[in-house]
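Let us read two chain interfaces together. Keep the structure open as we go.

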Amino acid sequence: MTTEALLWTTLLLPLAGVVLNIAVGRSLSRRAVGWLASGAVGAAFLVGLVAVGRLLALPAEERVYLTPPLYTWAVAGGFEVPVQLLFDQLSALMVLVVTGVGFLIHVYSIGYMAGEPADYDFRRYFVYLNLFIFSMLLLVLGANFVLLYVGWELVGLCSYLLISFWYTDPQNAAAGRKAFVVNRVGDFAFALGIFLIWSVFGSVVYQDVFEAAHSVAPAVLTAITLLLFVGCTGKSAQLPLYVWLPDAMAGPTPVSALIHAATMVTAGVYLIARASPLFDAATTTSAVVAWVGVLTALFAATIALVQVDIKRMLAYSTISQLGYMFLGVGVGAYTAAIFHLLTHAFFKALLFLGAGSVMHAMEHGAHHTGEHVNPQDMRLMGGLWSRARWTGMTFLVGAAALAGLPLTSGFFSKDEILAGAFLSGRTLLYGVGALTALLTAFYSFRQFFLVFAGEPRSEAARHAEESPPVMLVPLGVLAVLALGAGLVLGWPPEQGLIHGWLEPAFEVAPKAEGAANPLTLLLVSSVIALAGAGLAYLAYVQRTIDVVALSARFQPLYRLLWNKYYVDELYGLLFVRPFFALARFLADVVDKLVIDGAVNGVATVTAGVHALARRLQTGYVRAYALSMVLGALLVLAYLTYLAQ
Amino acid sequence: MSAQVVFFFVLAVVAVVSALAMVFSRNAVYAVMFMVANFSVVALLYVLLGAPFLAAVQILVYAGAIMVLFLFVVMLMGGEPAPLWEHIPGQRPLALVFGLLLAGGLIAAVNVERLTGVPGVMTQEVLERLGQPTALAQVLFDRYLLPFEITSVLLLIGMIGAVVLAKREKRELAASQASSERRPE
Amino acid sequence: MIVPVSYYLILAAILFSIGVTGVLVRRNAIIVFMSIELMLNAVNLSFVAMSRALDSLDGQVFVFFVMTVAAAEVAVGLALIVAIFRSLGSADVDDAHVLRG
């Protein structure tokens, strides 16, 4: 099979899953539906592997495959969008992550969604999930900005569909809507960026644009890249457009794992990595990217410190880790950022799926006792280590990787980003990043200890039950990956397998060599991670640090963090309320009075004119004769005088 | 001023006066009588124009047959004097204005050379040549034979139509005769 | 001097206008009908006058036909008026306004 065929197959297999499940899913059992969807993604993963094999056969500098265009989608004047796929080291890695982690999450979902009352909803879930995989693959495989944008929008749609999956609860619907609308703001800027690209470069195809990147004025390049970055802040939940991600936890947990941790939110990082020639040449924007990234990381980490909802904490953690990835691409450490994307996909998906398992355990426990509990409230958990051992073990691996404990995958990838910042001379960025790493380690282990250590703090926790194997096996797979991927792929630093694989994809200027030894930085990172974990241990296991007293001492600060810096309220005041007022005005005044008035007015005027015209129909013959004579007079006048 | 012109003017005045009298007379029978006078005068004008045959036909057909028919119908329907008030708003003033405008316009048109071609010199010789009925007959039965035949069919249709329209059921006839006896004369 | 054609035409125009006014003003159906006959008559006059002026007999032949048709028309028209008079009970033209919009 040609490489071209392989690529198209990979892309279209999940779509086939969608179509099949819609068409014949009604007559299939739930297991069949779930495995059909999972199988489509799994098959896509395998085909992707074969395609990667083809790439490996090529020398490292030439590992790029561009499919011939299937057809030209839009042609308007000089504007052309050829439908073709680009497969290089970067997109290969993304494809494997999306389909691989996606497969595991599909399988997990078969167990997780088993309690869904209606078959129709069960099927709907897998259709949406498959559609998402297809959209994400289109995003990473597209060979031009427009195809990327199509995939970008489609994943946004799937995110909306899946966040508000249980739409009968208005809060879930509102969360989906919030995600979509906030993303739209970013997408608007993104679209403007694409327009600018086309008007400056004359093409939207990657090759054409990147080749000409250096011949464009820096100011224009800065404008383009800034617009693209605003799109990234929307999709990848950075300041200021991150507000949708915590609310997006209203969706089913596997969705949070797949879309809002491992894949969709990383699309922004992918975009910058893909457009690295542009961003590399636009130094102003890169600086902006790095600062926004690291500040977002710090900001979100502080909020995560006080969260009590197990999923929300992970959501803020995701925002924070995405900030690290943007820090990476901002300082030019593209490989490091993608490496972190990879490891983050593993351990964050693991953590989310683990959280889902914990929630399942709590729900089973509550079922036993008849209590009504919020299965996501960590204050009601505790002591689950003895009751859900497998979940606990895998969760510990995830927390360790997130904290960056030495030798975990997160350790290597996060450190590389920080090293990249330090070695390019931006020590302030490094400092903020290191501080955030301390906070990250703290809150990761805080979560672990709250959930699994100590004594159960509610009846539900006391009677919690472990989840079925169909949910536990994916946890195990991800745990292995979260543990080992760093060592296998990232050691030695800058010379690991992943560096050999990814670096040729980024034609960037070589970084300035810093003064420090990379190993020293590794040591510093280890100390930070262990210190954070240790503090958490002291606070939540040994109770040496009294967190309750601390929060009472710093009440205002605590309240600020608890209320997420009041950002949602601020946005509500600044944007949402005026917008709704405007909408109300348009509906009540403009629509009712002006538009309806115009339409009704036309009818009224017509009726009026007709009422007038009707007066000609008097029924009197003599009146008609009068008008005939008038006509004759006019003809006479015309013939006599006017027709010369 | 030749005798012909004087004669013309006299006839013209009588024609116009009788026409006005017909139009504005209250009594229908009077109107018919004035009409007869008008037709007779027009017949005399035809004679002046050197078309004696047409003058004779005018008297026979118009004044003789058509007006008599009108008279019959007037008698049949009992012409009450017309009511005075006008209930179509603006009809009378407008009618007057339009009538005057029409007259003015037509007269003006007559004086526009382009429309009436020959300004109007007729010679005695032409008058005498074209006045003979034989000449008329020659044209009528030669070039206009087809219209002639069709017109005769038309007359037939008219006759039949008139009979059909005026026909009444026997019952109605009796009732109408009874009511017409009761109607004041 | 021969009477100029324009005099005849002007006379015809005046008679025609009188006929038009009669149609517009009078309400008795008979009078209206007679006004129409007056108009036809005026046109006949102008035909004959022009036939003289143009040295052609076609005008007179046409007058011939006009008279014939007028006769037929009068017959049928009066029959119609009588029929309407019977059903409406009035000879007033304004009383037949059933087609009022």
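Q: Which residue forms a salt bridge with D94(C), and how far apart are the closest N and O atoms?
A: A salt bridge is a side-chain nitrogen of Lys or Arg within 4 Å of a carboxyl oxygen of Asp or Glu. Here R622(A) pairs with D94(C), and the closest N and O atoms are 2.7 Å apart. Across the interface of chain A and chain C, the rule finds 1 salt bridge.

Q: What should I know about the model and its numbering?
A: The model is predicted, local features need pLDDT of at least 70, side-chain atom pairs count only at pLDDT 80 or more, and totals for chains, interfaces and linings use all residues. Residues are numbered from 1 along each chain as its sequence is written, chains are lettered from A and ligands numbered from 1 in the order in which they are written, and side-chain values use heavy atoms, leaving out hydrogens and water.

Q: How many residues does each chain bring to the contact of chain A and chain C?
A: Contact means heavy atoms within 4.5 Å. Chain A brings 11 residues and chain C brings 13 residues.

Q: What area is buried between chain A and chain C?
A: Buried area is the accessible area (1.4 Å probe) that two parts lose on being put together, summed over both. Between chain A and chain C it is about 1,000 Å², with 57% from carbon and sulfur atoms. In chain A, G619(A), Y620(A) and R622(A) lose the most area to chain C, together 55% of what that side buries.

Q: Now chain C and chain B. How many residues are in contact?
A: Chain C has 72 residues in contact with 87 residues of chain B. The area buried between chain C and chain B is about 7,300 Å², and carbon and sulfur atoms give 76% of that area.

Q: Which residues form the salt bridge between chain C and chain B?
A: D58(C) and R143(B) form it, with the closest N and O atoms 3.1 Å apart.

Q: Which helix of chain C gives the most to the side that touches chain B?
A: Helices (H or I, at least four residues) are DSSP runs, numbered from the N terminus. On this side, α1 (5-25), α2 (29-53) and α3 (58-88) of chain C each supply at least two residues. α3(C) gives the most, with 23 residues.
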